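Here's a quick briefing to read alongside the model. Keep the sequence and the 3D view open as you go.

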Amino acid sequence: MGDHMIQIERPRVSCRRFANCIHCLAPALLTLLLFVVITAAVARADMAGGIPVDAETRQGRHSQVSPCGDGSRPRIGLVLGGGGARGGAHVGVLHELERLRVPVDCIVGTSVGAIIGGFYASGLEVGEIEDIITGIDWDDIFDDAIARQNRSFRRKLDDERFLVKSKPGFNGGELQLPTGLTYGQKIELLLSRATLPAARVRDFDKLTIPYRAVAADLVTGDSVVLASGNLARAIRASMSIPAIFSPVDIHGRLLVDGGLANNLPVDVARDMGADIVIAVDLSKPLRNKEEITSVLTVTEQLTALLTHRNTVQQIATLSDKDIYIKPLLIDIGGADFARSEQAIELGSQAVRKQRDALADLALSERAYNHYLSALTRPARQAPMLDFITVNNDSPLADAVLKDRLATLEPGRPLDLSELERDIDKIFGLEIFQNVRYDIVEDDGRTGLVIDAEARSWGPNYLQFGLTLSDNFEGDNFFDLTAGYLRTGVNSLGGEMRTFATIGQAPGVFGEWYQPLDAQTSFFVESLVGYGQRNVNLFNRAGDIVSEFQVTEYGGVLAAGYEFGQWGELRLGLRGIAGDAEVRAGARVPDIRFDTGEAFLRMSTDRLDNVDFPRHGRQVIAEYLVSRETLGADSQFEQYALGALGARTWGRHSIVGSFSWFGTKDDDAPIQSRFALGGLFNLSGLQRNQLSGQHAGLAALAYYRRLGNVSFLPVYAGLTMELGNVWERESDIGFDNTIFAGSLFVGTETALGPFYLGYGRAENGREAFYLTFGRVFGRRAGDFFRD
């Protein structure tokens with residue numbers, strides 16, 4: 001992969017614009033592995049005479065000029081330790097220090113302390129920081145899965161085949177995984193937004209309050225003190241919990257959470273020139289033997305041990321004139337972000353208990369106002385952009401990225417919302433592991449630099465899918481799909497994919513997808529393959545009369561247009577040959593067939609989730625003709641229309657759906673008939689129990705999110721369904737529809753959705769279901785047709 005750069009500039013003098021374009025492991029196991037690796041690295045550093053600090057970024061003790069205060073009074077350094085969700089206490093500490101009029105001349109932070117400290121040092125008010133911390137959807141911010149609405153339409157189609165959303169890399173014959181469960185895309189955008197006013201400040205001594213972030217070198221275990229550069233990037237490095245967040249590469253060093261090397265960096269505040277240190281320690285006490293009783297408590301103990309030794313070492317350096325604050329955070333854990341408001345209050349309480357000691361550091365109201373007026377806070381207005389540069393670390397043409405930045409132009413103030421939307425479009429291509437931005441000054445001009453970093457475990461991936469259903473009465477279905485995907489085959493984003501299925505619908509398929517322009521709007525696609533599937537014929541009592549095995553081989557050629565991320569128009573040809581062989585039941589002659597079809601399909605998809613939809617809608621309309629001139633042995637015409645919509649209120653969701661399939665002259669062959677039956681698809685019937693030339697189904701589902709079980713969301717709900725199949729168009733009517741319904745519980749797992757349900761249809765037909773796979777909006781058909 002090569003590095004490319006796009007640069008769009010505003011001329012300095014000329015008014016003419018021109019563009020110059022230059023070409024999921026368990027937490028306990030993760031923590032145990034982390035403990036072994038980091039403990040060895042830290043032990044090696046200790047034997048070398050203490051925990052070393054990056055010489056290029058460390059400043060203070062031996063400097064002639066101290067960044068911490070002007071020397072007119074004792075210089076006060078605030079040290080904010082790491083502690084995950086317990087970091088809300090730091091906000092409470094800042095509230096009380098301001099109320100007591102205690103000045104802060106420099107700030108040092110590790111992990112969450114780096115976040116709160118960095119926000120405060122950048123010029124944010126304490127109230128603004130509190131709003132950010134308490135307003136974050138932490139479940140979302142730590143999940144870098146691309147919001148489905150922001151994924152390319154091409155990637156949305158993967159939901160039809162591959163239920164496992166994670167795609168491990170397979171490069172050079174080796175399996176490759178990301179360097180963290182989370183790439184940090186969302187958290188870095190949050191940090192960049194919060195610190196945007198200070199983005200052009202490169203020297204952290206020149207922030208509103210001099211500042212340092214402490215990280216750890218993943219290779220050596222050394223402490224790294226970050227004193228300059230991009231503020232949001234420095235904070236991101238300091239809080240990058242190994243194996244949870246991917247490391248951050250700064251100046252060639254892989255940096256992770258600073259708590260591993262220096263969780264309470266008192267020495268760094270001293271180096272900055274602090275005469276008095278206020279150290280806020282959020283670390284959890286070690287458990288005793290009797291308290292270590294489960295894998296969770298073992299994990300918590302290992303995590304605490306990683307930071308305990310260096311924290312104790314730093315506390316030992318505090319003198320009588322320093323102030324040590326240890327908020328009583330009770331049972332608030334490092335991941336209890338929902339309790340941030342409680343942590344803020346407990347932080348305030350801890351400072352109030354120290355008010356007598358802090359009184360000696362408090363200034364008079366006049367002196368404190370003078371201190372505040374001397375602080376330089378950056379302007380809040382959006383910067384005017386003179387140029388835009390995009391660093392493209394991928395095989396994609398620069399024009400592909402430039403097209404997704406169409407709303408950004410030199411000569412205009414930066415619109416942060418537009419920028420984040422455009423970055424989401426680039427990230428939604430699923431080529432990059434991070435897409436971040438920076439505001440820079442170059443020769444008196446202000447520019448926007450966007451770095452698009454290609455996935456380290458790409459561009460070759462493995463994909464998996466699993467479908468399983470059982471009604472506990474002998475009707476079961478099982479399919480396992482595995483695929484190989486190669487992205488970025490060429491500069492326009494061509495893709496090659498092969499996949500195979502074993503089970504009751506086995507097959508082998510190969511696919512090529514090629515965009516035709518930089519917008520990736522126009523495309524061509526081809527599919528070739530061989531597959532088998534079962535088609536059952538039932539009598540009116542619901543008993544199987546004949547079991548057919550349909551074998552097909554052939555291909556599909558299509559061209560189309562993608563409407564951004566929400567829709568697609570596709571025109572194509574199918575050429576398929578095969579046979580339908582009776583495997584059991586009433587003997588009828590085997591059927592051989594040749595299919596030649598032309599089809600036109602319009603699809604829109606704005607669903608947030610296809611497993612348990614909560615918002616959005618999906619519409620699919622298709623018309624096909626089978627003609628002898630296209631190689632078919634029978635002529636017929638069919639049409640299909642499906643629509644699904646979802647709404648959510650709190651924990652309650654409602655999903656409505658409608659689908660209609662028809663054959664114009666009631667003359668489609670057996671392999672082209674439509675089928676109904678199964679969970680949410682006329683519940684109470686067997687899977688695909690009914691088949692005919694026409695089919696219709698309307699359904700309404702309600703479900704409620706009950707909570708989480710072992711981190712998995714659990715839902716319970718019910719459905720009402722009305723539909724049937726008909727052999728002739730003249731038979732269609734409400735008087736011969738079937739009413740059915742179901743009760744179910746379900747969850748979303750790493751392997752796909754799981755449902756356990758009970759269904760009942762008219763005339764007492766009922767069934768229990770265990771289903772692993774998609775049921776909402778499921779299309780009837782096979783890989784050749786989907």
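This is a predicted model: local features need pLDDT of at least 70, side-chain atom pairs count only at pLDDT 80 or more; totals for chains, interfaces and linings use all residues.

Residues are numbered from 1 along each chain as its sequence is written, and side-chain values use heavy atoms, with hydrogens and water left out.

**Nonpolar cores**

- The largest nonpolar core has 70 residues; such a core is a set of buried Ala, Val, Leu, Ile, Met, Phe, Trp, Tyr and Cys residues joined through side-chain atoms within 4.5 Å.
- Helix α3 (residues 112–121) gives the largest share of this core, 7 residues; helices (H or I, at least four residues) and strands (E, at least two) are DSSP runs, numbered from the N terminus.
- Another core, of 33 residues, lies apart from it and includes Ile 146, Val 400, Leu 429 and Tyr 461.
- Among the residues with the most contacts inside the largest core are Leu 78, Ile 278 and Leu 358; contact means heavy atoms within 4.5 Å.
- Leaving aside residues up to four places away in sequence, Ile 278 touches residues including Ile 76, Leu 97, Ile 323 and Leu 361.

**Helix α8**

- Helix α8 (residues 231–238) has 8 of its 8 residues buried, so it is largely enclosed by the rest of the structure. Buried means under 20% relative accessible area, exposed over 50%, and partly exposed in between (1.4 Å probe, protein chains only).
- The buried residues of α8 include Arg 233 and Arg 236.
- Asn 230 caps the N-terminal end of α8, with a side-chain oxygen 3.1 Å from the backbone nitrogen of Ala 232.

**Salt bridges**

- Searching the whole structure turns up 47 salt bridges, each a side-chain nitrogen of Lys or Arg within 4 Å of a carboxyl oxygen of Asp or Glu.
- Arg 154 pairs with Glu 495, the closest N and O atoms being 3.1 Å apart. This pair links helix α6 (residues 153–156) to strand β20 (residues 495–503), 341 residues apart, and both partners are buried.
- Arg 154 and Glu 495 also belong to a salt-bridge network, with Arg 497 and Glu 511 among its other members.
- Asp 438 forms a salt bridge with Arg 202, with the closest N and O atoms 2.2 Å apart. Asp 438 is in strand β16 (residues 432–442) and Arg 202 in the loop between α7 and β8, so the pair ties together parts 236 residues apart in sequence.
- Asp 438 is buried at 12% relative accessible area, whereas Arg 202 is partly exposed at 32%.

Conventions:
A polar contact is a pair of N or O atoms within 3.5 Å; within protein, one must be able to donate a hydrogen and the other to accept it, and residues adjacent in sequence count only if both atoms are side-chain atoms.
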